[in-house]
Amino acid sequence: MPWQETDEHNQKLFDALSTLAREKGALERLAGAINADDRAQASDRARQGSKHKPRKTLIAESTLARWQEEGLGRVSNAQSHKKRIVFEFLERSADFRTELFRPLSGLPAGLAEFTAEHREHIAGAFSPDLAELDGTYRMFRPARLVSGLRHARVKISRLQIQTSGGVTRYTELQRFKDPDSPNFPVDRTDDGLVLSMTGNILFIAISRDGFHSGIHLASFAHPRLGAGAPIRRLVGVTLDNEDGAGHRVDRFLASRASETWDEIEMGVFKPPHDRLAHDILEALDFAELEACAAAAFNSRWT
């Protein structure tokens, strides 16, 4: 499970460091392994944004020792992004065995059998280089949070895509208050895989709370995937169960952001709005709504 800033995860990280501290030099070796890890470096670059230079040192041995020696309170107060890097590295590292390690052998035997039987098709989904997708995006789709306004508003969330070790992953964050339903704030993070299948780009994820799942299928990418340039726009359909009334299919548009992850404004917006350009509304099949909204807006001032 990816890192979450919770008491449970802080406790698990502290316990893991305490386990490693029993072996002389283990924390020093851990720091060195994390600093040399491509996936940890990619995670740090994604957090900082393209304007920052890569850092050679992500975590110092002295920092790990201080977390462990000063106790759980010290871990809880440490920088969350550093804890994420250490926590998620320990989850996948066979060289540092703690209770955080999740070996592949824990997967059902039937999955291994299925993978062996269909390995060519499965490998094909990972064979294209999807690194052209890497980056941060603003994700647009209809907002269905209030049933009576399903066709009147657009939701904007954050989307981040990263490729490491031949696998492309993504995270989508929705964290905001709906102006039409402020008593029910939205706070949802989805983590998943990005695959290339039959000419489409497929996003499959489950939310960190375990109560939601989502699938995005992009049938259009600009520039074309494989052209050698960063993808700037994705358009397709999304299947989600966000409103608790079963799954619904909507169109989505993801547009590469010039801002960093933390700077992307999230929320629910009604056309006309400066973030909802005509081409975005058209891609979401909101063109008719845009015209009606513009007419209503103009009528107030004429």
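This is a predicted model: local features need pLDDT of at least 70, side-chain atom pairs count only at pLDDT 80 or more; totals for chains, interfaces and linings use all residues.

Trainee: OK, what's the mean pLDDT of the protein?

Mentor: The mean is 84, and 87% of the residues reach 70 or more.

Trainee: And where does pLDDT stay under 50?

Mentor: Over residues 288–302, and the model has 9 contacts beyond four places in sequence for that stretch.

Trainee: Let's switch to H1. How many residues does it have, and what span does it reach?

Mentor: Helix H1 covers residues 7–21, so to speak 15 residues, and from first C-alpha to last it reaches 21 Å, close to the 21 Å expected at 1.5 Å a residue.

Trainee: Which of its residues are buried?

Mentor: In H1 those are His9, Asn10, Leu13, Phe14, Ala16, Leu17, Ser18 and Leu20.

Trainee: And what covers the buried residues of H1?

Mentor: The cover includes helix H2 (26–35), helix H4 (61–70), helix H5 (72–76) and helix H6 (80–92).

Trainee: Which residues touch the most other members in the largest nonpolar core?

Mentor: That core has 26 residues, and the ones touching the most other members are Leu13, Leu30, Ile34, Leu64, Trp67, Val86 and Leu90. H1, H2, H4 and H6 each supply at least two residues of this core. Apart from it lies another core, of 17 residues, with Leu133, Phe203, Ala221 and Leu234 among them.

Trainee: Back to tryptophan 67. What is it in contact with, leaving aside neighbours within four places in sequence?

Mentor: Tryptophan 67 contacts Leu13, Phe14, Leu17, Ile59, Arg74, Val75, Ala78, Lys82, Lys83 and Val86.

Trainee: New topic: alanine 40. Why does it count as buried?

Mentor: Because its relative accessibility is 3%, and the cut-off for buried is under 20%. Alanine 40 lies in helix H3, residues 38–48. Beyond four places in sequence, alanine 40 is in contact with Ile34, Leu58, Ile85 and Arg92. Its C-alpha is also 7.2 Å from that of phenylalanine 89, 49 residues apart along the chain.

Trainee: What about aspartate 44, buried or exposed?

Mentor: Aspartate 44 is buried, with a relative accessible area of 2%. Aspartate 44 lies in helix H3 too.

Trainee: So which residues does aspartate 44 touch, not counting those up to four places away?

Mentor: Arg55, Leu58, His81 and Ile85.

How values were computed: Residues are numbered from 1 along each chain as its sequence is written. Side-chain values use heavy atoms; hydrogens and water are left out. Helices (H or I, at least four residues) and strands (E, at least two) are DSSP runs, numbered from the N terminus. Buried means under 20% relative accessible area, exposed over 50%, partly exposed in between (1.4 Å probe, protein chains only). Contact means heavy atoms within 4.5 Å. The expected span of a helix is 1.5 Å times one less than its number of residues. A nonpolar core is a set of buried Ala, Val, Leu, Ile, Met, Phe, Trp, Tyr and Cys residues joined through side-chain atoms within 4.5 Å. pLDDT is the predictor's confidence in each residue, from 0 to 100.
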